Amino acid sequence: NIPQIELFRSNLIQDIKTLTPFTQYCEPSIIPTVPKTYTVASFSKFPTKVVKMTVNSHLIETSINELSILSIHLSKKNKHRREQLRFIEGYINQNIHRKYIVVGCFNIKRLKELNSLITNCSLYKATNSPTYPANNPKLFSSLILYDNSIIISATNVIQQSISDHLPIYCDFELR
């Protein structure tokens with residue numbers, strides 16, 4: 001929700017005053033009156049846009065020259081998450097002239113769920129420690145995927161969070 005977004009903004013290394021853009025989508029949950037909400041936001045001085053993945057879900061793409069950073073928060077529902085992963089795979093393969101980093105909450109149960117995306121888009125998974133749940137992380141729910149035009153020099157899971165996931169910090173450079 002917005003108070004979380006404001007807290008993230010207040011702790012950024014760079015002083016970026018604008019949130020561009022912010023998107024969220026909801027899915028029914030076990031408790032009908034409390035839907036599951038998925039949120040994605042970007043803090044950037046670079047061009048950023050919302051891209052529709054499925055009928056009711058979006059990702060955020062930030063463009064820096066020939067680099068696209070896709071920020072995601074995928075569904076916990078297997079069927080919807082598979083549809084979202086197929087979209088991301090197709091999106092990357094339709095724009096092969098771009099370099100890609102895919103970052104965010106994948107909500108996967110097993111890494112093999114990413115096999116098709118990683119293989120068909122020639123992506124690599126950055127090494128990081130577990131990120132979920134934040135109070136006792138055991139699962140690798142939040143991840144960074146990148147193509148071979150990117151050199152990852154450091155990743156670090158930040159051990160403080162205002163979410164149910166721990167955030168990941170990543171240093172990278174383009175080849």
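Colleague: Which residue in E4 does Lys52 stand opposite?

Modeller: This is a predicted model. Strand E3 covers residues 48-54, and six bridges join E3 to strand E4, residues 57-64, in an antiparallel arrangement. The residue in E4 that stands opposite Lys52 is His58.

Colleague: Which strands stand at the edges of the sheet?

Modeller: The open sheet is formed by six strands with mixed pairing, in the order E3-E4-E5-E6-E8-E7. Two of these strands have a single partner strand each, so one side of each is left without a neighbour in the sheet. From one strand to the next, the twist averages 25 degrees. The strands at the edges are E3 (48-54) and E7 (123-125).

Colleague: At about what angle does H2 run to E3?

Modeller: Helix H2 spans residues 78-94. H2 lies across E3, E4, E5 (67-73), E6 and E7. Its angle to E3 is about 125 degrees.

Colleague: How far from Arg98 is the nearest side chain of opposite charge?

Modeller: Arg98 lies in the loop between H2 and strand E6 (99-105), and Arg98 is buried. A salt bridge needs a side-chain nitrogen of Lys or Arg within 4 Å of a carboxyl oxygen of Asp or Glu. Arg98 has no salt bridge, and the nearest side chain of opposite charge, Glu61, is at a distance of 4.3 Å.

Colleague: Which side chain is joined to that of Arg98 by a polar contact of 2.7 Å?

Modeller: Leaving aside neighbours within four places in sequence, the residues in contact with Arg98 include Ser63, Ser68 and Asp147. The polar contact of 2.7 Å joins the side chain of Arg98 to that of Ser68.

Definitions and conventions. Residues are numbered from 1 along each chain as its sequence is written. This is a predicted model: local features need pLDDT of at least 70, side-chain atom pairs count only at pLDDT 80 or more; totals for chains, interfaces and linings use all residues. Side-chain values use heavy atoms; hydrogens and water are left out. Helices (H or I, at least four residues) and strands (E, at least two) are DSSP runs, numbered from the N terminus. Buried means under 20% relative accessible area, exposed over 50%, partly exposed in between (1.4 Å probe, protein chains only). Lys and Arg count as positive and Asp and Glu as negative; His and the chain ends are not counted. A polar contact is a pair of N or O atoms within 3.5 Å; within protein, one must be able to donate a hydrogen and the other to accept it, and residues adjacent in sequence count only if both atoms are side-chain atoms. Contact means heavy atoms within 4.5 Å. Two strands pair if DSSP finds at least two bridges between them. Axes are lines fitted to C-alpha atoms, for helices over the stretch in contact, and angles run from 0 to 180 degrees between N-to-C directions.
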